Amino acid sequence: KLKKLDPLNPKVQKISGEIAQANGEIQKAITFYESAFKGNTEDVETIKKLGELYYMQKMWNKYISLFQKALQYHPNNVDFLARLGEILISCPEPALQNIEEGKNYTERAFTYYNCPPEVLIAAGSHLAYAYSLLGDQQKAITTISQTINIGRRQKIPASQQAKPEDMLTAFRNM
């Protein structure tokens with residue numbers, strides 16, 4: 001009924017995307033979410049869902065573009081900052097990597113005053129990795145050590161703490 005009444009409404013497009021995704025129609029879901037985002041760039045949930053599908057489908061260029069555009073409307077969204085920074089630092093397509101720019105985004109997320117612990121840990125890990133790639137091992141070690149300490153204070157599960165601790169060992173052995 002909603003599709004007939006207002007098929008171009010971003011909320012209708014989003015719901016259609018959710019239904020298509022639940023039915024395993026990923027390309028159709030992407031199309032609906034893209035339409036929903038164009039119609040309402042403020043909807044954080046649509047951005048996250050579209051980003052997840054782009055990521056799952058390895059649509060790196062679209063993933064990067066989505067979060068660059070999303071940050072125009074949500075410049076301090078730490079999740080968007082961390083996601084964009086991560087992909088720019090470690091994108092599987094080397095031509096899309098921009099380590100310096102990715103470092104800047106992850107640094108903004110890592111230093112944001114009200115960052116959720118799981119985003120903080122991810123941002124800190126990627127920031128340390130960026131410093132390492134840029135040849136600054138001391139900053140990499142300092143940042144990953146801070147990340148580990150934050151994880152301990154926040155009582156992050158040991159399974160999530162393992163990656164930063166492995167990174168610290170690797171940085172110290174370089």
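This is a predicted model: local features need pLDDT of at least 70, side-chain atom pairs count only at pLDDT 80 or more; totals for chains, interfaces and linings use all residues.
Me: What does the C-alpha trace of the protein span along its principal axes?
Reply: The protein has 174 residues, and buried residues make up 44% of them. Among contacts between residues at least 6 apart in sequence, 50% join residues at least 24 apart. Along the principal axes, the C-alpha trace spans about 60 × 35 × 30 Å.

Me: Is α8 roughly parallel or roughly antiparallel to α10?
Reply: Helix α8 covers residues 117–133 and helix α10 covers residues 158–172, and their axes come within 10 Å and cross at roughly 15 degrees. Because angles under 35 degrees count as roughly parallel, that crossing makes the relation of α8 to α10 roughly parallel.

Me: Is the crossing of α8 and α10 left-handed or right-handed?
Reply: From α8, the residues Ile 121, Ser 125, His 126, Ala 128, Tyr 129 and Ser 132 take part in the contact, and they meet Lys 163, Pro 164, Met 167 and Phe 171 in α10. By class, this contact of α8 with α10 has six nonpolar, three polar and one charged residues. As for its hand, the crossing of α8 and α10 is left-handed.

Me: How many nonpolar, polar and charged residues has the contact of α5 with α6?
Reply: The axes of helix α5 (residues 60–73) and α6 come within 10 Å and cross at roughly 145 degrees, and the crossing of these two helices is left-handed. On the α5 side the contact is made by Trp 60, Tyr 63, Ile 64, Phe 67, Gln 68, Ala 70 and Leu 71, while α6 contributes Phe 80, Leu 81, Arg 83, Leu 84, Ile 87 and Leu 88. Sorted by class, the contact of α5 with α6 has eleven nonpolar, one polar and one charged residues.

Me: Which residues does Tyr 105 touch, not counting residues up to four places away in sequence?
Reply: Tyr 105 lies in helix α7, which covers residues 99–110, and with a relative accessible area of 17% it is buried. Between Tyr 105 and Tyr 63 there are 42 residues of separation in sequence and 15 Å in space, C-alpha to C-alpha. When residues up to four places away in sequence are not counted, Tyr 105 touches Leu 71, Leu 81, Leu 84, Gly 85 and Leu 88.

Me: Is Asp 79 buried or exposed?
Reply: The place of Asp 79 is in helix α6, which covers residues 78–90. Not counting residues up to four places away in sequence, Asp 79 touches Lys 48 and Val 119. Its relative accessible area is 15%, and since buried means under 20%, Asp 79 is buried.

Me: How many disulfides does the structure hold?
Reply: Cys 91 counts as buried at 3% relative accessibility, and Cys 115, with a relative accessible area of 12%, is buried as well. A disulfide would need a pair of cysteine sulfur atoms within 2.5 Å. The number of disulfides that the structure holds is zero.

Conventions: Residues are numbered from 1 along each chain as its sequence is written. Side-chain values use heavy atoms; hydrogens and water are left out. Axes are lines fitted to C-alpha atoms, for helices over the stretch in contact, and angles run from 0 to 180 degrees between N-to-C directions. Helices (H or I, at least four residues) and strands (E, at least two) are DSSP runs, numbered from the N terminus. Angles under 35 degrees count as roughly parallel, over 145 as roughly antiparallel, 65 to 115 as roughly perpendicular and the rest as oblique. A crossing is left-handed if the near helix is turned anticlockwise from the far one by less than a right angle, and right-handed if clockwise. Contact means heavy atoms within 4.5 Å. Ala, Val, Leu, Ile, Met, Phe, Trp, Tyr, Cys and Pro count as nonpolar, Asp, Glu, Lys and Arg as charged, and the others, Gly among them, as polar. Buried means under 20% relative accessible area, exposed over 50%, partly exposed in between (1.4 Å probe, protein chains only).
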